[in-house]
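Q: I have a protein model open and would like to go through it. Can you take my questions one at a time?

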Amino acid sequence: MAKYACTVCGYVYDEELGDADLGIAPGTLWEDVPDTFVCPLCGVGKEDFAEE
């Protein structure tokens, strides 16, 4: 499982943990996170995330 960090604010999406606050279940791969996903801290889209 990988982690993806927002290149703007540093928020990290961890595939192993998902994000319960956003309704994303643990084990959800980044590629399976909806394309409409936005960073919960700064509001940028998936295109502004990079694998750690």
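This is a predicted model: local features need pLDDT of at least 70, side-chain atom pairs count only at pLDDT 80 or more; totals for chains, interfaces and linings use all residues.

Q: What counts as a strand, and as a pair?
A: Strands (E, at least two residues) are DSSP runs, as are helices (H or I, at least four), numbered from the N terminus. Two strands pair if DSSP finds at least two bridges between them.

Q: How many bridges does β1 make with β3?
A: Strand β1, residues 3-6, pairs with β3 over 3 bridges. Cysteine 6 stands opposite phenylalanine 49 in β3.

Q: And with β2?
A: β1 and β2 also pair over 3 bridges, in the antiparallel sense. Lysine 3 has aspartate 14 in β2 as its bridge partner. The hairpin of β1 and β2 has 5 residues between the strands, and glycine 10 there takes a positive phi near 95 degrees.

Q: Switching topic: how many salt bridges are there?
A: A search of the whole structure finds 2. A salt bridge here is a side-chain nitrogen of Lys or Arg within 4 Å of a carboxyl oxygen of Asp or Glu.

Q: Which residues make them?
A: One joins aspartate 14 and lysine 3, at 3.9 Å from N to O. That pair links strand β2 to strand β1, 11 residues apart. The other joins aspartate 35 and lysine 46, with the closest N and O atoms 3.8 Å apart. Both of these residues are in the loop between β2 and β3, 11 residues apart.

Q: Is aspartate 35 buried or exposed? And lysine 46, buried or exposed?
A: Aspartate 35 is exposed, with a relative accessible area of 72%, while lysine 46 counts as buried at 13%. Buried means under 20% relative accessible area, exposed over 50%, and partly exposed in between, using a 1.4 Å probe and protein chains only.

Q: What about aspartate 19?
A: Aspartate 19 is in the loop between β2 (12-14) and β3 (49-51). Aspartate 19 is buried yet has no salt bridge, and the nearest side chain of opposite charge, lysine 3, is 13 Å away. For charge, Lys and Arg count as positive and Asp and Glu as negative; His and the chain ends are not counted.

Q: So what does its side chain touch?
A: The side chains of aspartate 19 and tyrosine 11 are joined by a polar contact of 2.4 Å. A polar contact is a pair of N or O atoms within 3.5 Å; within protein, one must be able to donate a hydrogen and the other to accept it, and residues adjacent in sequence count only if both atoms are side-chain atoms. The side chain of aspartate 19 also reaches the backbone nitrogen of aspartate 21, at 3.1 Å.

How values were computed
Residues are numbered from 1 along each chain as its sequence is written. Side-chain values use heavy atoms; hydrogens and water are left out.
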